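I opened my notebook to record what I looked up, entry by entry. The structure comes next.

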There are 2 protein chains.
Amino acid sequence: MKNHSCIDHVDIQNMDGRYRNNFINSLSGYKSANLIGTENNGLANLALFSSAVHVGANPPLMGLVSRPNTVPRHTLENIEATGFYTINSVSKTFIKQAHHCSARSDRDHSEFDFSGLNYQRLDGFSAPFVKESNLKLAMKLDDVLHIKRNGTVFIVGEIMSAYLPQEAIYDDGFIDHEKLSTVCISGLDSYHTVGHSERFEYAKNTKAPSSKFS
Amino acid sequence: MKNHSCIDHVDIQNMDGRYRNNFINSLSGYKSANLIGTENNGLANLALFSSAVHVGANPPLMGLVSRPNTVPRHTLENIEATGFYTINSVSKTFIKQAHHCSARSDRDHSEFDFSGLNYQRLDGFSAPFVKESNLKLAMKLDDVLHIKRNGTVFIVGEIMSAYLPQEAIYDDGFIDHEKLSTVCISGLDSYHTVGHSERFEYAKNTKAPSSKFS
């Protein structure tokens with residue numbers, strides 16, 4: 001495609017709020033699709049996040065961006081109150097139910113009740129998993145970093161356990177998300193299936209990378 | 001898929017380092033694919049990041065996870081030294097060149113020289129863009145947050161300008177990444193084209209979400 005338009009800082013400021021939300025949320029590219037499960041005082045909560053991001057392998061850490069607690073944010077409140085949560089990959093078989101969990105809801109009206117997704121307990125872990133998910137993580141809160149500019153937070157957690165089908169794990173540790181039918185998100189509301197993949201060898205600056213399975 | 005295996009904290013600790021890197025890097029699901037362009041003292045740098053994440057729409061903010069400066073990290077050093085950088089979406093036409101930019105390299109051996117990607121200046125911005133990219137962002141550093149547990153950092157930046165083809169922007173501000181041929185990443189080295197998408201209406205907890213274009 002040619003003829004790139006420049007949309008500058010003033011154009012962005014002048015955008016209508018909903019238009020700007022769609023536009024800016026689209027700029028990072030494809031995003032992970034995960035449901036975050038929490039529970040506090042017997043009330044279970046499930047929320048859709050597209051901001052789960054790798055932070056480190058050893059110790060195994062993952063991050064999440066969350067809006068602040070100045071408006072009701074049950075996920076963040078529950079994580080801070082209990083120290084535990086779950087991360088559940090979204091598969092194409094339940095994207096509609098997952099999107100439903102992005103609805104605003106009272107604390108005592110659980111997403112497990114209205115979305116159709118099933119509550120699951122595993123190995124005595126105190127936060128609930130999504131039964132339908134093909135890849136589930138038990139998480140322990142490590143830190144909450146405050147982004148001063150807009151009051152959002154970056155939640156850092158440690159992966160305590162991972163639940164997934166053994167046949168999706170390759171001999172080198174890589175997990176085949178095509179086998180798990182994992183989807184990704186763009187913008188605020190677009191869910192995508194993922195197609196053809198190509199893996200490359202560890203890159204060196206002295207030669208062009210080769211494909212791993214060619 | 002049935003028969004989920006549980007891989008627990010001790011299993012993860014006991015993994016071989018390279019296996020653990022592949023495994024843990026796969027757990028967040030599909031990730032965005034972006035090249036970060038920086039320049040300091042006339043030396044240009046280009047690095048592949050799969051951690052670009054939406055932080056806020058107003059002001060327009062994006063985050064990046066980076067390993068610390070304790071080992072040479074030209075991208076982070078250049079961003080902290082100059083305050084400016086670019087984020088360039090990776091399209092399927094140049095995934096091999098993009099992966100090449102993940103190679104370790106001396107500071108005076110620029111990825112623009114060995115990867116085959118072309119250096120581009122736009123509107124006097126001080127950091128370089130990737131000419132081949134279909135969606136390019138001019139970024140201004142806002143803050144660097146330190147993740148104590150493993151020494152990584154979360155770089156927060158403000159979007160100053162976005163360059164993309166007008167025909168990829170919908171009437172509601174949504175950007176069609178299928179039109180831009182944007183790819184996503186899983187694990188450390190797998191690049192995926194993205195297929196069918198479905199957009200949903202703003203979710204309400206009182207009814208199941210409907211598709212936007214059905």
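Which residue in β11(B) is the bridge partner of Met139(B)? I looked it up, and it is Ile159(B). The model is predicted, so I kept its limits in view: local features need pLDDT of at least 70, side-chain atom pairs count only at pLDDT 80 or more, and totals for chains, interfaces and linings use all residues. Residues are numbered from 1 along each chain as its sequence is written, chains are lettered from A and ligands numbered from 1 in the order in which they are written, and side-chain values use heavy atoms, with hydrogens and water left out.

I noted how elements are named: helices (H or I, at least four residues) and strands (E, at least two) are DSSP runs, numbered from the N terminus. Two strands pair if DSSP finds at least two bridges between them.

I then followed β11(B), residues 153-165 of chain B. β10(B) and β11(B) run antiparallel and are joined by 10 bridges. The two form a hairpin with six residues between them. In that turn I found Gly151(B) with a positive phi of about 80°. β6(B) also pairs with β11(B), in the antiparallel sense, over six bridges. There, Leu64(B) has Ile155(B) as its bridge partner.

Chain A reaches this strand too. Strand β1 of chain A, residues 4-8, runs antiparallel to β11(B) and is joined to it by five bridges. Ile7(A) has Ala162(B) as its bridge partner. Asp8(A) stands opposite Ser161(B).

Is β11(B) mostly covered or mostly open? I found it mostly covered, with 12 of its 13 residues buried. Buried means under 20% relative accessible area, exposed over 50%, and partly exposed in between (1.4 Å probe, protein chains only).

I looked up helix α3(B), residues 74-82. Its buried residues are His74(B), Thr75(B), Leu76(B), Asn78(B) and Ile79(B). They pack against β3, β4, β6, β7, β10 and β11 of chain B. Just after the helix, Gly83(B) takes a positive phi of about 85°.

How many residues of chain A are in contact with chain B? I read off 114, in contact with 114 residues of chain B. Contact means heavy atoms within 4.5 Å. The area buried between the chains is about 9,800 Å², and carbon and sulfur atoms give 59% of it. Buried area is the accessible area (1.4 Å probe) that two parts lose on being put together, summed over both.

I counted charge pairs next. Between chain A and chain B there are eight salt bridges. A salt bridge is a side-chain nitrogen of Lys or Arg within 4 Å of a carboxyl oxygen of Asp or Glu. Over all chains, the search of the whole structure finds 12.

Entry 4, salt bridges between chains. Lys148(A) forms one with Asp143(B), the closest N and O atoms being 3.5 Å apart. Glu158(B) and Arg149(A) meet in another, at 2.7 Å from N to O. Glu158(B) lies in strand β11 of chain B and Arg149(A) in the loop between β10 and β11 of chain A, so this pair joins two chains. Glu158(B) is buried, at 8% relative accessible area, whereas Arg149(A) is partly exposed, at 36%.

Glu39(A) is buried, with a relative accessible area of 15%. Arg121(A) is partly exposed, at 41%.

In chain B, Asp172(B) pairs with Arg199(B), the closest N and O atoms being 2.9 Å apart. Why does this pair tie together parts that are 27 residues apart in sequence? Asp172(B) lies in the loop between β11 and β12, and Arg199(B) lies in strand β13. Asp172(B) counts as partly exposed, at 24% relative accessibility. Arg199(B) is buried, at 4%.
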